[in-house]
Amino acid sequence: QVQLVESGGGLVQAGGSLRLSCAASGTILSINSMGWYRQAPGKQRELVATITSGTTTKYADSVKGRFTISRDNAKNVVYLQMNSLEPEDTAVYYCNADIRTAVPFRVANYWGQGTQVTVSS
């Protein structure tokens with residue numbers, strides 16, 4: 001069984017920074033794409049950033065230049081460095097990954113439980 005566990009959320013003032021981490025555990029053979037999504041109250045979940053196993057990155061226009069996604073393949077961890085945070089960034093942030101597991105032998109998409117990020121003005 002695979003688990004994605006996020007950490008690093010919290011309350012920060014506008015202009016501040018936070019770093020989110022997401023660690024994958026379980027019978028993992030390999031991890032393809034990893035990413036971060038967010039969902040604000042009353043809104044749909046949206047993509048924030050993704051990174052492939054080859055470290056190709058993609059960002060939502062709203063976070064380009066402020067957020068940086070990275071990963072440590074040896075530790076099965078993905079990070080999201082968030083700088084120049086704005087009140088509009090307030091949301092629950094979710095980790096997502098496409099993971100090949102040994103038991104059962106398959107590729108499946110997994111979600112973390114989410115971590116709250118609140119940016120005060």
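1. A salt bridge is counted where a side-chain nitrogen of Lys or Arg lies within 4 Å of a carboxyl oxygen of Asp or Glu. The model is predicted: local features need pLDDT of at least 70, side-chain atom pairs count only at pLDDT 80 or more, and totals for chains, interfaces and linings use all residues. Residues are numbered from 1 along each chain as its sequence is written, and side-chain values use heavy atoms, with hydrogens and water left out.

2. By this rule the structure has five salt bridges. One of them joins Glu 86 to Arg 66, with the closest N and O atoms 3.9 Å apart. Glu 86 lies in the loop between strand 8 and strand 9 and Arg 66 in the loop between strand 6 (57-59) and strand 7, so the pair ties together parts that are 20 residues apart in sequence. Strands here are DSSP runs of E, at least two residues long, numbered from the N terminus.

3. Are these two residues buried or partly exposed? Buried means under 20% relative accessible area, exposed means over 50%, and partly exposed lies in between (1.4 Å probe, protein chains only). Glu 86, at 34%, is therefore partly exposed, whereas Arg 66, at 11%, is buried.

4. Asp 89 also forms a salt bridge with Arg 66, the closest N and O atoms being 2.7 Å apart; these two residues are 23 residues apart in the chain. Because its relative accessibility is 1%, Asp 89 counts as buried. Salt bridges that share partners join Arg 38, Glu 46, Arg 66, Glu 86 and Asp 89 into one network.

5. In soluble globular proteins, nonpolar side chains tend to be buried together.

6. Which residues does Met 82 touch, not counting those up to four places away in sequence? With contact taken as heavy atoms within 4.5 Å, the partners of Met 82 include Leu 18, Leu 20, Arg 66, Phe 67, Tyr 93 and Val 117.

Notes:
Helix = DSSP H or I, 4+ residues; strand = E, 2+ residues; numbered from the N terminus.
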